[in-house]
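Visitor: Hello! Could you walk me through this protein model step by step?

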Amino acid sequence: MTTAYTHHHDIRPLDPALERIVAAADAAAPELADQEPRRRGAALAAVADALEAHAEELVQIAQEETGLTTGRLQGELKRTAVQLRLFADVIVDGSYLDVRIDRADGEFVLGARPDLRRTKLPVGPVVNFAASNFPFAFSVAGGDSAAALAAGCPVIVKAHPGHPRLSLRTGELVTAALEASGMPAGVFSVIEGQEAGTAVLQDPRIRAGAFTGSVRVGRLLADIAASRPQPIPFFGELGSTNPVFVTQQAVQTRADDLVSGFVTSVAGSAGQLCTKPGFVFLPEGHGLEERIVQAVEDSNASLGEQRLLNPAIASGYNARRETTLGARGVRTVVAGESRTDGDDQGWTTPTIVAVSLEELRAQREELLEETFGPFSVLVEVPRGSDLAALVYEFFTGSLTVTLQTGDAEVSDELRSLVAAASDVAGRLLYGGWPTGVAVTPAQQHGGPWPATTNDSSTSVGTAAISRFLRPVAYQSVPDALLPPMVRDANPWDVPQAIDEAGGSKTWGSRASA
C-alpha cells in the first residue's frame with residue numbers, strides 16, 4: 001500500500017469535526033489510489049444506482065429548495081447518473097492513465113536510454129465547492145465529485161446553502177453506496193458553511209480544489225489555493241456571457257428559428273445557466289424585435305413566472321438588471337417582470353434589451369458584466385463590421401461563442417470569426433444554442449478567464465478526470481516496486497504504449513502479454 005500524502009507537521013489545527021473529516025480523507029487516499037479501476041468503476045455505478053433508486057425523494061427535496069421544475073430536476077438527476085456511469089466506463093478502460101513505457105535501449109539515437117515508465121496518479125484529497133444552479137449535476141454527486149472519485153481521490157464537498165437538505169441527503173446516499181462497494185471509510189464527506197470550506201481548502205492535506213459559482217467568490221477561493229505555503233491546483237468555473245454572432249444571411253433565411261431558439265435559451269431555468277446567451281450581435285435593421293416580443297409572450301404563457309434559486313441570486317439579478325436598464329442608450333425590447341415575495345424569493349420573466357455597438361463601446365464597464373438570470377442584450381452592429389475584431393474587443397474569455405449563419409454559409413469573414421472565437425472560448429457552436437452541454441467524451445466546458453480559473457481543463461466530459469491526476473515517470477525502477485499499471489504483467493489490464501528497444505512500437509495489455 002502507498003504511504004500517506006502529507007507531511008503532518010505542516011497541519012494547522014481545525015475544528016474537531018472538520019479534523020475528523022479531513023484526517024479520514026487523508027487516510028483513505030492511499031487505499032483508494034490502490035483500488036483496481038474495476039472496483040472503483042463498480043463503486044461509481046453503485047452511486048448512480050442509489051441516486052436513481054431515490055429519485056422521487058431527491059427531486060421533491062430539490063424542487064422545494066430551489067424552485068426548479070420537476071421535469072428539469074428529473075432530467076438533471078438522470079444526467080448525473082449517466083455521468084457517473086460514463087466515468088466508470090472510462091476508468092475501467094484505463095486509457096485515462098496514459099501509460100507510456102520506453103524500454104531501456106543501449107542503441108538509442110541520443111545515447112543509452114534508461115527504462116522509463118510514465119503514468120498518472122491521483123493527486124490526493126479534493127475539496128469541491130458545490131454550485132447552486134445545478135443541485136444534482138454540479139453539486140454533491142455532480143461532475144467535479146464524480147471526476148475526482150474516478151481519478152481515485154477522496155472528496156470533501158462543501159454544500160451550497162441554497163439546497164442544504166438535498167446536499168446532506170445526497171451525501172448520505174453517496175457515502176453509503178461507496179462504503180457498500182468496498183471503498184475505504186472517509187472517501188466521501190459533506191461539510192457546510194463558508195468558514196468550514198475555506199479552512200479545508202487551506203489544509204495541507206487537501207491537494208486540489210474545484211468550484212462552480214460567481215467570479216467574485218471563485219477568485220477569492222483561487223487566491224486562497226494559490227497563496228498556501230504549498231499552492232494547489234484550483235479548478236473554478238465562474239462567469240460567462242456567451243456571445244452570439246448572427247449574420248445577415250441567417251436573419252434573412254432563418255428568422256423564426258433564430259428567435260425561437262434564442263428565447264428558449266434565455267428563458268429556460270429562469271436564465272440561471274452558465275451558458276445562457278448574454279449578448280447577441282445582430283446586423284442593424286435586423287427586424288426581429290416583433291418576433292422576439294411574441295416569442296417571449298408565448299414562453300411566458302407556457303412557463304409563467306419563474307422563481308430564482310435563492311434570495312441572494314434574486315438580489316444580484318435585480319441589481320444587474322436595473323444597472324443595464326438605466327444605462328444610456330439601452331432600449332427595452334421586452335420589459336419583463338422581476339418581483340420579490342414575502343420570503344425574499346425572486347420571481348421573474350425574461351427581459352430583453354437592445355443597444356447600439358457605439359453605446360456598448362462607450363459603456364462597456366457597465367454593460368459587459370454577466371447578468372445571471374433571464375436577461376439578454378441585443379447589440380446592433382453596422383453592416384460591414386469586422387465580427388472577429390468585435391470578439392477580441394469585448395471578450396477575453398467565455399465558456400461558449402455561438403455563430404448563427406445561413407445554411408451552408410462560408411466566407412473568409414466566418415473563418416476569421418471561427419479563429420477569434422476559438423481564442424476566447426472553450427466551446428464554439430455553429431448553429432444551435434449554448435444552453436445544452438452534452439456529457440460526452442469530446443465535450444469541453446471551460447475557457448479563458450473569467451470563464452474559469454484554469455483554461456487547460458474541462459468540468460464536463462471524460463477529460464474532466466485528468467484535473468485530479470498528476471503525471472509520474474519511473475526510471476529504472478525494479479518491476480516489483482512499480483505501481484500495477486506500469487508493470488510488465490499489467491495486472492490492471494490497462495492500455496500501455498510501449499516503445500521497444502530499437503524503436504519498434506507495441507501496445508501492451510494483460511490480454512496480449
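Guide: Helices (H or I, at least four residues) and strands (E, at least two) are DSSP runs, numbered from the N terminus. This is a predicted model, where local features need pLDDT of at least 70, side-chain atom pairs count only at pLDDT 80 or more, and totals for chains, interfaces and linings use all residues. Residues are numbered from 1 along each chain as its sequence is written, and side-chain values use heavy atoms, with hydrogens and water left out.

Visitor: Which helix holds Asp-223, and is Asp-223 buried, partly exposed or exposed?

Guide: Asp-223 belongs to helix H8, residues 215-227. Buried means under 20% relative accessible area, exposed over 50%, and partly exposed in between (1.4 Å probe, protein chains only). The relative accessible area of Asp-223 is 38%, so Asp-223 is partly exposed.

Visitor: How are H2 and H4 oriented to each other?

Guide: Axes are lines fitted to C-alpha atoms, for helices over the stretch in contact, and angles run from 0 to 180 degrees between N-to-C directions. Angles under 35 degrees count as roughly parallel, over 145 as roughly antiparallel, 65 to 115 as roughly perpendicular and the rest as oblique. Helix H4 (residues 70-93) packs against H2 at about 170°, the axes being 8 Å apart. H2 and H4 are therefore roughly antiparallel.

Visitor: How many charged residues are in the contact of H2 with H4?

Guide: Ala, Val, Leu, Ile, Met, Phe, Trp, Tyr, Cys and Pro count as nonpolar, Asp, Glu, Lys and Arg as charged, and the others, Gly among them, as polar. Here 13 are nonpolar and two polar, while the charged ones number five.

Visitor: And how do H2 and H6 lie to each other?

Guide: The axes of H2 (residues 37-53) and H6 (residues 164-180) come within 8 Å and cross at roughly 140°. The contact has nine nonpolar residues, one polar and no charged. By their angle, H2 and H6 are therefore oblique.

Visitor: Which residue in S13 is the bridge partner of Arg-307?

Guide: S10 and S13 (residues 346-348) run antiparallel, joined by two bridges. In S13, Arg-307 has as its bridge partner Trp-347.

Definitions and conventions
Pairing = 2+ DSSP bridges.
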